[in-house]
Amino acid sequence: MSTTTTEEKRRLRDTVCTLERSFPPEALQESDRLLFERLTALPQIEDGDVLLLFWGMGREPDTQQLFAPLASAGKTVLLPRCLPCGEMELRVWQGLERAVRHPYGMWEPSEDCPLFAADSVDLVLVPALCYDRAGFRLGRGGGFYDRFLARYTGFSVGLCRQTLLQDQVPRESHDMGVDLVLTEAQSISCHG
């Protein structure tokens, strides 16, 4: 990664995190409600059987709210396990009693939860600090999702609070975009 791009990403991370800290809890809850309404109304959610979600951290959307309702609707809800090699494996979420805390802070399914292949996933929800209008994201810098998305051929979605949506995030050739970005007010189709 070029020093310039690295520095641009660091500055944008700082800016986004500072802005996020200014959001009152009620605003985050309302934002989550609107984002989740838009997400669960997608035909890819309705028609899909296997969904890869993520455990929202910090001021990211509180995705845990989605796990039980989607599972109750007959969906297989997967969460990633981030492996030391920089890759992710996909396992069925079976609740906190069968979860482990990753060193980064998020909960992951334990090793004894059923394992799924990426090609069985109908939709992946990709975490980010923010997105741009072309579907590219500013992540936390680990590269797990970029490596996963480089091989994934299904539908990918990003959630972005409207106030954090960027015209363009700094990116390099290995950075992967999503097919659709949802804000509280918009659905932005992207090239992915």
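Is D167 buried, partly exposed or exposed? With a relative accessible area of 66%, D167 is exposed. Keep in mind that this is a predicted model.

D167 has a charged partner: its side chain and that of R133 meet in a salt bridge, with 3.5 Å from N to O. D167 sits in the loop between β10 and β11, and R133 in the loop between β8 and β9, so the pair ties together parts that are 34 residues apart in sequence. R133 itself is partly exposed, at 40% relative accessibility.

A second salt bridge joins D132 and R171, here with an N to O distance of 3.1 Å. D132 belongs to the loop between β8 (130–131) and β9 (137–138), while R171 is found in the loop between β10 (155–159) and β11 (180–182), so this pair links parts that are 39 residues apart in sequence. D132 is buried, with a relative accessible area of 0%, whereas R171 is partly exposed at 32%.

**Salt bridges elsewhere**

The count for the structure comes to 15 salt bridges. One of them connects R33 and E37. These two residues are four apart in helix α2 (residues 25–40), which means that about one helical turn separates them. Both ends are partly exposed: R33 has 37% relative accessibility and E37 has 44%. There is also a network of salt bridges that links E7, R10, R11 and D14.

| Pair | Closest N to O distance |
|---|---|
| R33 and E37 | 2.5 Å |

**A buried charge without a salt bridge**

Now turn to E20, which lies in helix α1 (residues 3–21). E20 is buried yet has no salt bridge, and the nearest side chain of opposite charge, R161, is 5.0 Å away. A salt bridge would need a nitrogen and a carboxyl oxygen within 4 Å. Leaving aside residues up to four places away in sequence, E20 touches R59, E60, L129 and L164.

**The cysteines**

How many disulfides does a search of the whole structure find? The search finds zero. C82 is in no disulfide, and the nearest cysteine sulfur, that of C85, is 10.0 Å away. C82 is buried, with a relative accessible area of 11%. For C113, the closest cysteine sulfur is in C82, 15 Å away, which is too far for a bond. C113 is buried as well, at 1% relative accessible area.

Technical notes. Residues are numbered from 1 along each chain as its sequence is written. This is a predicted model: local features need pLDDT of at least 70, side-chain atom pairs count only at pLDDT 80 or more; totals for chains, interfaces and linings use all residues. Side-chain values use heavy atoms; hydrogens and water are left out. A disulfide is a pair of cysteine sulfur atoms within 2.5 Å. Buried means under 20% relative accessible area, exposed over 50%, partly exposed in between (1.4 Å probe, protein chains only). Lys and Arg count as positive and Asp and Glu as negative; His and the chain ends are not counted. Contact means heavy atoms within 4.5 Å.
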